[in-house]
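Please open the structure in your viewer and keep the selection tool at hand.

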Amino acid sequence: TSIGDYAFGYCYSLTSVTIPDSVTTIGYEAFYFCDSLTSVTIGDSVTSIGGSAFGYCDSLTSVTIGDSVTTIGNGAFYYCDSLTSIIIPDSVTLIGSSAFEYCDSLKKVYCYATIPPSLSSDVFYGNASGRRIYVYEECVELYKSAWSGYKDSIYTNGKNCPDTTTIEYTTSDGNTITTSKFPIISNNYENGIGTLIVVGTITQIPASAFNGCDSLTSITIPDSVTLIGSYAFNECDSL
């Protein structure tokens, strides 16, 4: 089930919305210019919030985003200038351009994704000074690198990341593995066994992740992995 494009646009007297768990998508401008809307709760079955879905809802002060949302569309909360804080769940992988542009009161953004979502342009453009983006302690440097345009706004939320993946390996020369394909928080090698400790529950070994690791002799892939990318172990001549 989906809420279609323009479904409730310009419903000026609408004050609150609870989207049930039966809904999976929220369409383009679905609640556009509902300027009396103060509260939105998005159910846990919704996977995408359409472009400008809540654009110009300038009385909106409370938004709860469900735990299945992967995409926050372009301009989804554009000009929601009464919104003071938002929690972005760890399911989100993409935040579209201008998603929170001109949300001038938005000073607290809590992002619980362990791997930084992809950001399009001007996501937080025009916000009031003093905005802070809070992420897990281990993820601060990851976010500063991935969200370089907002690196001065990124702070720890004071919590340790609850999810990590450990990948075991051995190498013929006793060296640690270096790869930029994972958000690695620890890389140790001792007594012939190495461990990569990676932020988040890893479901994919990225393309070319271990390409050219010619001293790698063995690797244990965790059962969470469902996809091994192209060239992931290319030219691992000792494997």
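In this tour, Ala, Val, Leu, Ile, Met, Phe, Trp, Tyr, Cys and Pro count as nonpolar, Asp, Glu, Lys and Arg as charged, and the others, Gly among them, as polar. This is a predicted model, in which local features need pLDDT of at least 70 and side-chain atom pairs count only at pLDDT 80 or more, while totals for chains, interfaces and linings use all residues. Residues are numbered from 1 along each chain as its sequence is written, and side-chain values use heavy atoms, with hydrogens and water left out.

**First stop: the largest pocket**

Select Thr114, Ile115, Pro183, Thr201 and Ile202, which lie nearest the centre of the largest pocket among its 22 lining residues. A pocket is an open set of points on a 1 Å grid over the protein atoms alone, where a 1.4 Å probe fits, with protein on both sides within 12 Å along at least five of seven lines; lining residues have an atom within 4 Å of a point. The lining comprises ten nonpolar, nine polar and three charged residues. The volume of this pocket is about 580 Å³, a volume being the space filled by probe spheres set on the grid points, which are joined across faces, edges and corners.

**Second stop: the cysteines**

How many disulfides does a search of the whole structure find? The search finds zero, where a disulfide is a pair of cysteine sulfur atoms within 2.5 Å. Select Cys11 together with Cys34, whose sulfur is the nearest cysteine sulfur to that of Cys11, 5.1 Å away. Cys11 counts as partly exposed because its relative accessibility is 30%; buried means under 20% relative accessible area, exposed over 50%, and partly exposed in between (1.4 Å probe, protein chains only). Next, select Cys111 and Cys139: their sulfurs are 9.0 Å apart, too far for a bond. Cys111 is buried, with a relative accessible area of 0%.

Select strands E2 (16-19), E4 (residues 39-42) and E6 (62-64). Strands (E, at least two residues) and helices (H or I, at least four) are DSSP runs, numbered from the N terminus. The three strands form an open sheet in the order E2-E4-E6, with parallel pairing; two strands pair if DSSP finds at least two bridges between them. E2 and E6 are the edge strands, each pairing on one side only. E4 and E6 pair over three bridges, and Val40 stands opposite Val63 in E6.

**Last stop: Val140**

Select Val140, found in helix H1 (residues 140-146). With 11% relative accessibility, Val140 counts as buried.
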